[in-house]
Amino acid sequence: MIFSKSIRFLLAIFLFATFVSYAQQTSVMIRAKAKDAKFIGSSIGGAKIIVSDAQTGVILAEGITSGSTGNTDLIMKTAHERGQSLSEESTAGFLATLDLETPVLAQIDVYAPWNKKQAQVHTSTQTWILPGKDILGDGIVVEIPGFVIDILSPQTHERLASEVFEVKANIVMMCGCPVEENGLWNASNYQIRAVALQDGKKVKEIDLQQTEKSSTFSGNMQLENGLYEIQVYAFDPETGNTGLDRTNIIIN
């Protein structure tokens, strides 16, 4: 049998198509949620999300979570039933769009909060993602433990006299939610302290108390002449949440 050129061309296309797998667009919602708190979103700079093929390391999608921290009453004050969604349309997340030809074991790396490097932690998980099988709603929720702590004073490498000086720090949850006396994230339930170290050894530790400003804590310390590292930490004995910031000063 003799085929015309056009028929042979069409037959070749048909045979080629039968051996080619076509990628399917697949959407996956990924959210970062602060431990014992709310979602990490635009108000604190978001969380960096990297989705890669766990077997090859090839990056499939990456971006920053954006949106609100979520509904406080729903997340923090309501008993949750199995299958109940904690997110709303405006709740922070990153919608990864993947073009998949075959199932992939995805490595999901989360760095949060992205704009607070001294407090940033890295959390990861893995999951299979199937071509055309979207994962939406709450999606994949990765928990981020800790507190964000910023030492406000003394300043880095500040020279101070050997007299009483103030240690002051701003402390919030990893989502940016306030830590305050008698608040939803009650400072009275946490250990909030400043530690002075010299040559790696602790020489003094004091409690910090809330100032007139929400999430701001301070206390007075006095040290002898020398070089010191100052640490401020917050610790929740109930959940294990822990945060720390540090700076170095000179007393002379």
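Student: How many aromatic pairs does the rule give?

Tutor: This is a predicted model, in which local features require pLDDT of at least 70 and side-chain atom pairs count only at pLDDT 80 or more, whereas totals for chains, interfaces and linings use all residues. Residues are numbered from 1 along each chain as its sequence is written, and side-chain values use heavy atoms, with hydrogens and water left out. Rings of Phe, Tyr and Trp (its six-membered ring) pair if their centres lie within 6.5 Å; planes under 30 degrees apart count as stacked, over 60 as edge-to-face and the rest as tilted. By this rule the number of aromatic pairs is two.

Student: Which residue forms an edge-to-face pair with Tyr111?

Tutor: The planes of the two rings make an angle of 70°. The centres are 6.4 Å apart, and the partner of Tyr111 is Trp114.

Student: Are Tyr111 and Trp114 buried, partly exposed or exposed?

Tutor: Buried means under 20% relative accessible area, exposed over 50%, and partly exposed in between (1.4 Å probe, protein chains only). Tyr111 has 24% relative accessibility, and Trp114 has a relative accessible area of 29%. Therefore Tyr111 is partly exposed, and Trp114 is likewise partly exposed.

Student: How many residues apart in sequence are the parts tied together by Phe147 and Tyr190?

Tutor: Phe147 and Tyr190 form an edge-to-face pair, with 5.1 Å centre to centre and 70° between the planes. Phe147 belongs to strand 8, whereas Tyr190 is in the loop between strand 10 and strand 11 (191–198), so the pair ties together parts whose separation in sequence is 43 residues.

Student: Which lysines lie over the face of Trp114, and at what distances from the ring centre?

Tutor: A charge sits over a ring if NZ of Lys or CZ of Arg is within 6 Å of the ring centre and within 35 degrees of the ring normal. Lys48 lies over the face of Trp114 at 5.9 Å. Lys117 lies over the face of Trp114 at 3.5 Å.

Student: In what order do the four strands of the open sheet stand?

Tutor: Strands are DSSP runs of E with at least two residues and helices are runs of H or I with at least four, numbered from the N terminus. Two strands pair if DSSP finds at least two bridges between them. The pairing in this sheet is antiparallel, and the order is 8-10-14-13.

Student: Which are the edge strands?

Tutor: An edge strand here pairs on one side only. That holds for strand 8 (147–153) and strand 13 (209–210).

Student: Which residue of strand 14 stands opposite Lys168?

Tutor: Strand 8 and strand 10 (residues 165–173) pair in the antiparallel sense over six bridges, and Ser153 stands opposite Lys168 in strand 10. Strand 10 is also joined by six bridges to strand 14 (residues 216–221), again antiparallel. There, the residue opposite Lys168 is Ser218.

Student: Which residue does a cis peptide bond join to Ser153?

Tutor: Ser153 has its place in strand 8 and, with a relative accessible area of 18%, is buried. Contact means heavy atoms within 4.5 Å; not counting residues up to four places away in sequence, Ser153 touches Glu166, Val167 and Lys168. The cis bond has omega of about 0°, and the residue joined to Ser153 is Pro154.

Student: Where is Pro113, which a cis peptide bond joins to Ala112?

Tutor: The omega angle of the bond between Ala112 and Pro113 is about -10°. Pro113 is found in the loop between strand 5 (104–112) and strand 6 (121–129).

Student: With which side chains does the side chain of Asp138 make polar contacts?

Tutor: Asp138, in strand 7 (residues 135–144), counts as buried because its relative accessibility is 19%. A polar contact is a pair of N or O atoms within 3.5 Å; within protein, one must be able to donate a hydrogen and the other to accept it, and residues adjacent in sequence count only if both atoms are side-chain atoms. Another, at 2.5 Å, is with Ser87.

Student: How many disulfides does the rule give?

Tutor: A disulfide is a pair of cysteine sulfur atoms within 2.5 Å. Cys175 is buried, at 1% relative accessible area, and Cys177 is buried at 7%. The number of disulfides is zero.
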